[in-house]
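I opened my notebook to look up how this chain is put together. Here is what I wrote down, step by step.

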Amino acid sequence: GLLATCRNGPVSFNVRPHMNKRDHILAVIKAGLNAVPVLGGSIASLIGDYIPSSTQNQLEQATHLLAARLTELESRIDVSAADKEQFAELFKSAYLILIRSHHLERNRAAIELIANCLLAPNDIDKVPYDELDHFARCLDNLSIGAIRILVACVNIAAQKDPSMTAQGYRQFNVAELDGLAPDHLVMGLVSELNSLHLVHILGTPPIRIQGYANYPLELTMLGSRFVKYVLNAA
C-alpha cells in the first residue's frame, strides 16, 4: 500500500493495484484484439505488457510524491484532526487520478489534495473540504492542456496587477495566451475552464478576429485558488 510518515505518526493507505475486475476487462479486450488480422495480436500484446506495469509504476511514483510532500509539511499536519470519511472520499478521488495519469503536474496536484486535507485545522493554507472536493472534480475533468492554460491565466493576471487585489486585474484577451495552444484548440481548453468556473468567457465580440484572439476572458477567484492550493504554482 501507500505508506507515508509525518511527525504526528504514520499515515497508511491500503491500496491494491491489481483488481480482478480490471484484469478481466483487459483479458476481454486482448481476446477481441487477437481476432483482428495483422495488427491485433501486436496491440493486444502491448496492452497486456504495458498497462499493468504502467499502473504499478504510477502507484510507486505516487508513493514517493506523497511521502515527500508529507515530510515537507510534517510540522503542519494533524492526522488526528482529519475527518476520516472526508479524507477517505478525497483519497479515493485522488487515487483514481494517480493511476490514470502520466502527467506529473496532474499527479502532484492529486497529492496536494491529500496533503491539504491532512493540514491542521488552523493552518493558513487549509482549504475547506467542499472546495477540495470540487477541486478534485476539476482535476479529474480538466485536460492537461487546460490545466496549463489556467496556470498561464494566473501568471498573466499577476503581471497586470502584482497585488492581485484590484477589481479589474483579472480581465484579458485570448491573444495573451498566444503560443500556449494552436488556434483551433485554445478555445476548447478555455471552455473546459469556463465550465468549471475557473475562467470565464465574458462574451462574443461583435467582430471576431482570427484565432479568437479578441475574446475577453476573466480569471475567477476559484481559478486563482485552484492554482495556488492544488497546482501549487502561484
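**Layout.** I read along the sequence and found the pattern β-β-α-α-α-α-α-α-β-α-β-β-α. That gives 8 helices and 5 strands in the chain. Helices (H or I, at least four residues) and strands (E, at least two) are DSSP runs, numbered from the N terminus.

**Ground rules.** This is a predicted model, where local features need pLDDT of at least 70 and side-chain atom pairs count only at pLDDT 80 or more, while totals for chains, interfaces and linings use all residues. Residues are numbered from 1 along each chain as its sequence is written, and side-chain values use heavy atoms, with hydrogens and water left out.

**Confidence.** I checked pLDDT, the predictor's confidence in each residue, from 0 to 100. Its mean over the chain is 80, and 71% of the residues reach 70 or more. Over residues 13-18 pLDDT stays under 50. Where pLDDT is low, the predicted coordinates should not be read in detail.

Buried means under 20% relative accessible area, exposed over 50%, and partly exposed in between (1.4 Å probe, protein chains only).

**The core.** Which residues have the most contacts inside the largest nonpolar core? They are Leu142, Leu177, Leu198 and Phe226, in a core of 65 residues. Several elements give two or more residues to this core, among them helix H2 (40-72), helix H6 (144-160) and strand S5 (216-219). H6 provides the largest share, 11 residues. A nonpolar core is a set of buried Ala, Val, Leu, Ile, Met, Phe, Trp, Tyr and Cys residues joined through side-chain atoms within 4.5 Å.

I then followed Leu177: leaving out residues up to four places away in sequence, Leu177 touches Ile149, Ala152, Cys153, Ile156, Val186, Val190 and Leu217. Contact means heavy atoms within 4.5 Å.

**Helix H4.** Is H4 mostly covered or uncovered? It is mostly covered, as 11 of its 14 residues are buried; Arg106, Asn107 and Glu112 are among them.

Most residues other than glycine have a negative phi. His197, in the loop between H7 and strand S4 (199-201), has a positive phi near 65 degrees. Tyr212, in the loop between S4 and S5, has a positive phi near 60 degrees. His197 counts as partly exposed because its relative accessibility is 39%, and Tyr212 is partly exposed at 28%.
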